[in-house]
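I opened this structure for the first time today. These are my notes on what I looked up.

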Amino acid sequence: MRERLTDGLYGLGWSTVKKLPEPAAAALGRTIADIAWKRRGKSVLRLESNLARVVPDAGPERLAELSKAGMRSYMRYWMESFRLPTWSAERVTDNVQIKDSHYLTDGLASGRGVILALPHLANWDLAGVWVTRTLGVPFTTVAERLKPETLYDRFVAYRESLGMEVLPHTGGSAFGTLARRLRSGGLVCLVADRDLSASGVEVKYFGESARMPAGPAMLAQQTGALLLPVTLWYDEAPLMRGQIHPPVEVPETGTKDEKTSSMTQALADAYATGIAEHPEDWHMLQRLWLADLEERPL
């Protein structure tokens, strides 16, 4: 019943929110965010706990302000995402400004595959639309299989309508397909700042241990693709800005695991820079640090 309700709510969002006038959709997002923030549920408390690591000098009032702004930013992401299929290429070009995009365009022009690796900042779907509609470059990404299956199918259809090739995260074949796309000079985009599985790479993140996916670093090593960290942030609506950071190079020495660890740490450092500058746009409402995972009962 809960899965059917969740699927129905997302379906309602995609069918209804995109039909609302822009001011009405924005106001609805802020209202939902403020209600959720006032309820002080688990997600809001987790967001504040995560932000306390990012802004260690912040007192309770500052953390409350950041979490409220964070919930508004998170709902802005959803309101935009529900409406993205109706955005024209001109609107995307006008409302997304990415600094140092030459790292991406030069890498693709050289015939070398490129991996864009992002944290959960601002609107990564909108950044993807900027790539497909403004730059005219298709790309491949992965999506976690959601329950119910109909909800996963909604997300896949939504992202494919935006010009993305979407692979299921599970099943074992995604890595091979991504590698083939990169070897042919293609583009792969991955949200890659949280991996709680045993295969995750342990990194230092804001001074504490966390795990992040090994995939971006491993793909870069195996295919010779360029690995570029990306951070995003919101400006005054409807503008979103971003930064493509310098490439993360494959170390010349060390074992494969050592190289993967070093490269993943470099990604974490780039993410931390962007998050520290725009903590209110970091949509991490889940456990991330290993110390928090240890709090859960078996």
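**Helix 3 and its neighbours**

I began with helix 3, whose buried residues pack against helix 2 (22-39), helix 4, strand 7, helix 11 and helix 12. The model is predicted: local features need pLDDT of at least 70, side-chain atom pairs count only at pLDDT 80 or more, and totals for chains, interfaces and linings use all residues. Residues are numbered from 1 along each chain as its sequence is written, and side-chain values use heavy atoms, with hydrogens and water left out.

I noted the terms before going on. Helices (H or I, at least four residues) and strands (E, at least two) are DSSP runs, numbered from the N terminus. Buried means under 20% relative accessible area, exposed over 50%, and partly exposed in between (1.4 Å probe, protein chains only). Contact means heavy atoms within 4.5 Å.

I then listed the buried residues of helix 3: V44, R46, L47, E48, N50, L51, R53 and V54. Helix 3 has 13 residues and reaches 19 Å from its first C-alpha to its last, close to the 18 Å expected at 1.5 Å a residue. The expected span is 1.5 Å times one less than the number of residues.

I picked R53 out of helix 3. Is R53 buried or exposed? R53 counts as buried because its relative accessibility is 15%. Leaving aside neighbours within four places in sequence, R53 is in contact with F206, E208, W289, A291 and D292. R53 and F206 are 153 residues apart along the chain, yet 6.4 Å separates their C-alpha atoms.

F206 has a positive phi of about 55° although it is not a glycine. At 23% relative accessibility, F206 is partly exposed.

I found another positive phi, about 60°, at D100, which is not a glycine either. D100 sits in the loop between strand 1 (96-99) and helix 6 (102-109). Its relative accessible area is 28%, so D100 is partly exposed.

**Helix 11**

I moved on to helix 11 (residues 256-277), which has 22 residues. From first C-alpha to last, helix 11 reaches 32 Å, close to the 32 Å expected at 1.5 Å a residue. Its buried residues are K259, T260, M263, T264, L267, A268, A270, Y271, A272, G274 and I275.

I looked up Y205 next. Not counting residues up to four places away in sequence, Y205 touches A210, M212, A268, Y271, A272, I275, W282, L288 and W289. Y205 and W289 are both buried.

Rings of Phe, Tyr and Trp (its six-membered ring) pair if their centres lie within 6.5 Å; planes under 30 degrees apart count as stacked, over 60 as edge-to-face and the rest as tilted. The count comes to 8 aromatic pairs. Y205 and W289 form a tilted one, with 6.1 Å centre to centre and 35° between the planes. This pair links distant parts of the chain: Y205 is in strand 6 and W289 is in the loop between helix 11 and helix 12 (290-293), 84 residues apart.

Of its 86 residues, L104, L116, L187, Y205, L232 and W282 touch the most other members. Helix 4 (residues 60-83) gives the most to this core, with 8 residues.

**N123**

I ended with N123, in the loop between strand 2 and helix 7 (124-134). N123 counts as buried because its relative accessibility is 0%. Not counting residues up to four places away in sequence, N123 touches Y77, E80, S81, L232, Y234 and M240.

**Whole chain**

I noted 12 helices and 9 strands in the chain. Of its 298 residues, 49% count as buried.

Terms used. A nonpolar core is a set of buried Ala, Val, Leu, Ile, Met, Phe, Trp, Tyr and Cys residues joined through side-chain atoms within 4.5 Å.
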